[in-house]
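Hi there,

Here is the structure I promised to send over. Please open it alongside this note, and then read on for what turned up.

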Amino acid sequence: SFAKITQTASFVPEKTVTNDQLAQILDTSDDWISTRTGIKERRIATNENTSDLCINVAEQLLEKSGSTAEELDFIIVATMSPDYNSPSVACLVQGAIGAQSAMCFDLSAACSGFVYALSMGDKMIRTGAKKGLIIGGEVISKALDWTDRTTAVLFGDGAGGVLLEASQRKHITAENLQADGKRAMSLTSGFTPLDNPYVENKTTQDSSLTMEGREIFDFAVRDVVEQIKKVMNEQDEEIDYFLLHQANARILDKIAKKVEVSRDRFLQNMDKYGNTSAASIPILLDEAVASGKIVLGSQQNVILSGFGGGLTWATVSVVL
Ligand SMILES: O=C(O)C1CCN(c2ccc(-c3cc(CO)ccc3Cl)cn2)CC1
């Protein structure tokens, strides 16, 4: 069997923070943020952590599909902002919905995490699993330096996910998952320094998110484009929609040009949610399904592509 996406869901915190509201606490402006990133507002969690957002998505996936928690063989949560190192967010989800037959783990691949996790879910089903959840969820707001206008304005909180079920037909028709640890320090978050009674000189490095914007921008326009072209060439269908990590609208412009595909085929919602890291692709997918643009089971061909911290970048072509 092969994995088929049979349901989608998403959930974002209620509180919306606009660019103008950010301009009241940071030396920035709506003009700068919207022209340089395409972001107009974002959701910020005020009383929910990452597991709460992911539990909501999991409950929606069960409810919308009519599946029961007991039927689930696996739950994989892609996140770079877990509630705890342990227990995993996936285990917290499992406990909350009562999916006691599911094996559970979190996957750390930053903004590529959802695509990495989707590929791992396909491997689970190819080796005998029947049904599972793949969720991307983040509360990045807790990882940010809220005095740094170059990063605090870019990110948002949210979660999205899919139900995977066994199918006789191959739905992930091509994939390419990559990483480059030599560029690891271009995007960091959640550093936990060495600390114990025997450490002589403790580090002063803090844990908030750091990003070499220029380097990541160039990486996205060069390495990601090359990977998307490779995956497109490994399958012979016309691609209906490209669902890329929602980091920056100008990057989507450049990638669309380099891949020589109409920009209209590149879906976008970072204007409403900012960069939600591992959650960005599943939120975008769920909104496209809700709007009827994408219809599950319609044989539409989509490309999903995530890129970011690690550095990691991952692209799959999927027949829905
Ligand atoms: O000066 C400007 O125009 C700045 C230039 C730098 N910008 C960037 C740069 C990189 C990212 C980014 C971040 C992640 C992390 O999830 C992943 C993927 C990307 Cl491509 C987002 N924005 C903002 C506007």
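This is a predicted model: local features need pLDDT of at least 70, side-chain atom pairs count only at pLDDT 80 or more; totals for chains, interfaces and linings use all residues.

Arg 36, Lys 229, Arg 250, Lys 254, Lys 257 and Lys 258 together form a positive surface patch. Helix α8, residues 249-259, supplies the largest share of that patch, with 4 residues. Another member, Lys 229, sits in helix α7, which covers residues 213-233. Lys 229 has a relative accessibility of 38%, so this residue counts as partly exposed.

Next, the salt bridges. The count comes to 15, and a few are worth a look on your screen.

Asp 122 pairs with Arg 126, with 2.8 Å between their closest N and O atoms. Both residues belong to helix α5 (residues 113-126), where they are 4 residues apart, or about one turn of the helix.

Lys 202 is partly exposed at 49%. Asp 195 has a relative accessible area of 52%, which is over 50%, so Asp 195 counts as exposed.

Asp 223 and Arg 222 make a salt bridge as well, with their closest N and O atoms 3.6 Å apart. Asp 223 is buried at 13% relative accessible area, whereas Arg 222 is partly exposed at 48%. This pair is part of a network of salt bridges that links Asp 180, Arg 183, Arg 222 and Asp 223.

Now for the two buried residues. His 171 is in the loop between β7 (158-167) and β8 (172-179), and its relative accessible area is 5%, so it is buried. Leaving aside residues up to four places away in sequence, His 171 touches Phe 2, Ala 3, Lys 4, Ser 317, Val 318 and Val 319.

Ile 33 is part of helix α2, residues 30-37. Its relative accessible area is 0%, so Ile 33 is buried. With residues up to four places away in sequence again set aside, the contacts of Ile 33 include Asn 19, Thr 28, Ile 39 and Val 153. Ile 33 and Arg 149 are 116 residues apart in sequence, with 9.8 Å from C-alpha to C-alpha.

Happy browsing, and do write back with any questions!

Best wishes

Technical notes. Residues are numbered from 1 along each chain as its sequence is written. Side-chain values use heavy atoms; hydrogens and water are left out. Patches are made of residues with over 30% relative accessible area and no salt bridge: like charges are joined within 9 Å, nonpolar side chains (Val, Leu, Ile, Met, Phe, Trp, Tyr) within 5 Å. Accessible areas come from the Shrake-Rupley method with a 1.4 Å probe; for residues, only the protein chains shown count as cover. A salt bridge is a side-chain nitrogen of Lys or Arg within 4 Å of a carboxyl oxygen of Asp or Glu. Lys and Arg count as positive and Asp and Glu as negative; His and the chain ends are not counted. The place of a charge is taken as NZ of Lys, CZ of Arg, CG of Asp or CD of Glu. Buried means under 20% relative accessible area, exposed over 50%, partly exposed in between (1.4 Å probe, protein chains only). Contact means heavy atoms within 4.5 Å.
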